[in-house]
Amino acid sequence: MQAWIATAEDVRLSEVPEPTLKGGGVLVEVLAAHVPAYTNAVVRGNRGGLPVPLVLGPSCVGRVLAVAPDVFHVEPGDLVLDTALLDAGGGDEVLVGWVGLGGSGAGSERTDRMRAVWRDGVFAEKALCAKETLVKLPGAGTYPDPARLAFLPWLCIAASGLHAAGPVAGRDVAVVGATGQLGGAAVLTALAEGAATVTAVGRNEEALGRLAKLDPRVRTHRLTGDRATDAAGIGPVDVALDTLGATPSADATMAAYDSLRVRGTLVLVGGVRQDLPVPYGDLMHRRLTLRGSWMSDQDTVTTVWNLVRSGVLDLAAVELLTAGLADPAAALDLAERTTGLGFVALVP
């Protein structure tokens, strides 16, 4: 079969043996897989160590072909979401076929062993997935455009961040970094879950304009770089979700903190690489909550799928671009240029 193999230098299309079923494993036909915009950065080694060579790819929507004898929650013919998140408990988590590590992010002897057993990802015609990473999608077989379902993992990551602040129905929510893919997913999810208002915060004015057209509840704020000005433009809100990537300063994140009402919550789910100067007395007296959120659990996947399946969360709002396996470099370049409510789905 064909697959994208990540090496120490690049990603290349290769002919590889089909994966062999083993204990705890599920063989799936890959229907569509999201190619994150930062995949080129991963390949260049800028986001942590990959145990290369391996089949690249963190998550997909697939059809179950075969299951090991100790797998009972899915069966051949089921459509499933592979979250890639393999959790051994105690903070030892790995994203199979990707760079992510849970807990401290530093890894351990146990995560090394996990990666040795479950190494390969899903940018391929078929994939062998650990049973723990799969969630069944009831009714997905009749979904009219399966490639769009490749965006589900990002919706689920965004939803987990929102849920960390409690129910968002009837509350004012801000999404900082809303013009990125994860931020766009968060805006869609907050609207679907009944937020009273959603303030989309970012720097790309055109992308903010597209978000504003989604729903009358969406308001926008274009970041100025001045913390006080941005805080006033964002808030007041009950929940702020930070989905920013690497930034030169923490000012935008702290503007989101400043925008919170009393008893508000700031959730960090992005890739900011800065320390936050959180004032002790202010956090205490305003009774604020600061939370971290990483990836998502299976219950969240089911919740988000039900929102999509029922039509409450309409994926027609997402601009779908598709790519095949034939030219990895072109597909990765396309993904790198795609942002906001657009994404590239690899359709083998």
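Ala, Val, Leu, Ile, Met, Phe, Trp, Tyr, Cys and Pro count here as nonpolar, Asp, Glu, Lys and Arg as charged, and the others, Gly among them, as polar. The model is predicted: local features need pLDDT of at least 70, side-chain atom pairs count only at pLDDT 80 or more, and totals for chains, interfaces and linings use all residues. Residues are numbered from 1 along each chain as its sequence is written, and side-chain values use heavy atoms, with hydrogens and water left out.

**Second largest pocket**
- The lining of this pocket has eleven nonpolar, two polar and five charged residues.
- A pocket is an open set of points on a 1 Å grid over the protein atoms alone, where a 1.4 Å probe fits, with protein on both sides within 12 Å along at least five of seven lines; lining residues have an atom within 4 Å of a point.
- Strand 9 (residues 126-130) gives the largest share of the lining, three residues; strands (E, at least two residues) and helices (H or I, at least four) are DSSP runs, numbered from the N terminus.

**Helix 2 (residues 109-117)**
- Thr-111, Met-114 and Arg-115 are buried, meaning under 20% relative accessible area (1.4 Å probe, protein chains only), with exposed meaning over 50%.
- Exposed Asp-112 and Ala-116 lie on the face turned away from the buried side.
- The buried residues of helix 2 pack against strand 7 (85-87) and strand 8 (93-95).

**Ser-296**
- Ser-296 sits in the loop between strand 16 (289-292) and helix 9 (298-310), and counts as buried because its relative accessibility is 13%.
- Leaving out residues up to four places away in sequence, Ser-296 touches Leu-85, Cys-156, Ile-157, Ser-160 and Val-301, where contact means heavy atoms within 4.5 Å.
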